[in-house]
Amino acid sequence: MSSYVTNSNIGGIDCTDNRVHKKGRIALDSITEKFSAFDFFNLIIGGVVFWIGLGICNYSQAVSLCSSIAKLVGNSNFFLFITIVIFIACSLVAGTVINELAYWFFDIKMQYEKKLIETCLNNNKLIKHNVRLKIIRDKANDYFHENKKEDDIFTEDQCFTFFTHCVYYLHAHGQDKKTEKLRETEGLSELLTLVFAFIPVSSIIIHILLGTTYLALKPTLLIYMLFAIFFCAFLKRSIRAIENRIKMVLAVYDACVDINDCENSISTYFYL
């Protein structure tokens, strides 16, 4: 068992080491910064894509709106700046709303990531190599102070607890760069999945409210099909990003624990 998991340790951090305390605070500060910056720009990107896609689907209405805005702005740099700020604000609002819907769809409705995490120590479909899965299970046995055999099943709560421990361990030791990149890919893919789903829906609602006939709407159906393809592509990308992030967290944790154990052994040897 790694020396990090003892009764005096919390989340794999030695509470008696002030240097680790300081390192943990720095890691948590950097996590907060990454989360806020990433989430802010993600929402704007999602909102911009939504408004542009909606403008493509409702081209005539978009051209009319842009012409009206251009006349209002004129040659004034001030009004141009205000227009850009308003567009960014509208993109942020749209991105926020769609992001909440994406959270509901992926985390509450589908619960795909939750199901994978709750079976990560028993799932040979997620970790396809039996040797690699056995190594991860051995780390879990060390963490829980158990000795489960190959055919024994870890409970859903144990799987979730161990995975959470792995995530916090990597954060605290500053080894979460790769997993954070995958988290960013996962979040943006989930957001764009819902963006490309809501563009055709919103466009159809606008056409219905404006009383657009089927013949006038017919050319737009090809664009709807294109957005449907984008929806499927980003949905698949989201699922792949979820799987890769879980596997990456477990793999990096395994490597970090082995390195730390080795360093502790060397330090103990020289101390003796």
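E180 forms a salt bridge with R183, and their closest N and O atoms are 3.0 Å apart. A salt bridge here is a side-chain nitrogen of Lys or Arg within 4 Å of a carboxyl oxygen of Asp or Glu. Both residues lie in helix 7, three residues apart, about one turn of the helix. E180 is buried, and R183 is buried too. Buried means under 20% relative accessible area, exposed means over 50%, and partly exposed falls in between (1.4 Å probe, protein chains only).

**The model**

This is a predicted model, in which local features need pLDDT of at least 70, side-chain atom pairs count only at pLDDT 80 or more, and totals for chains, interfaces and linings use all residues. Residues are numbered from 1 along each chain as its sequence is written, and side-chain values use heavy atoms, with hydrogens and water left out.

The pLDDT is the predictor's confidence in each residue, from 0 to 100. The protein averages a pLDDT of 81. At least 70 is reached by 80% of the residues. Over residues 1-35 the pLDDT is below 50, yet this stretch has 43 contacts in the model beyond near neighbours in sequence. Over residues 265-272 the pLDDT is also below 50, and there the number of such contacts is zero. Contact means heavy atoms within 4.5 Å.

**Overall layout**

The protein has nine helices and two strands. Helices (H or I, at least four residues) and strands (E, at least two) are DSSP runs, numbered from the N terminus. Along the sequence the pattern is β-β-α-α-α-α-α-α-α-α-α. Of the 272 residues, 35% are buried. Among contacts with a separation of 6 or more, 77% join residues 24 or more positions apart.

Helix 3 (residues 77-110) packs against helix 7 (residues 177-210). Their axes are 9 Å apart, at an angle of about 105°. Axes are lines fitted to C-alpha atoms, for helices over the stretch in contact, and angles run from 0 to 180 degrees between N-to-C directions. Helix 3 and helix 7 are therefore roughly perpendicular to each other. Angles under 35 degrees count as roughly parallel, over 145 as roughly antiparallel, 65 to 115 as roughly perpendicular and the rest as oblique.

On the helix 3 side, the contact residues are G95, I98, N99, L101, A102, F105 and F106. They meet E190, L191, T193, L194, V195 and F198 in helix 7. By class, this contact has nine nonpolar, three polar and one charged residues. Ala, Val, Leu, Ile, Met, Phe, Trp, Tyr, Cys and Pro count as nonpolar, Asp, Glu, Lys and Arg as charged, and the others, Gly among them, as polar.

Helix 5 (residues 130-144) and helix 6 (residues 156-172) form another crossing. Their axes come within 11 Å and cross at roughly 95°. That makes helix 5 roughly perpendicular to helix 6. Helix 5 contributes I136, K139, A140, Y143 and F144, while helix 6 contributes Q158, T161, F162 and H165. The residues of this contact divide into five nonpolar, three polar and one charged.

**Salt bridges**

Side chains of opposite charge can pair when their charged atoms come close. The count here comes to nine salt bridges.

| Salt bridge | Closest N and O atoms |
|---|---|
| E180 with R183 | 3.0 Å |
| D138 with K134 | 3.3 Å |
| K148 with E146 | 3.7 Å |

D138 and K134 both lie in helix 5, four residues apart, about one turn of the helix. D138 is partly exposed, at a relative accessible area of 33%. K148 is partly exposed at 21% relative accessibility.

Is S189 buried or exposed? S189 is buried, with a relative accessible area of 2%. S189 lies in helix 7. Leaving aside neighbours within four places in sequence, S189 is in contact with F234, R237 and S238.

N244 lies in helix 9 (residues 220-271). N244 is partly exposed, with a relative accessible area of 31%. N244 and R183 are 61 residues apart in sequence. In space, C-alpha to C-alpha, N244 and R183 are 9.5 Å apart.
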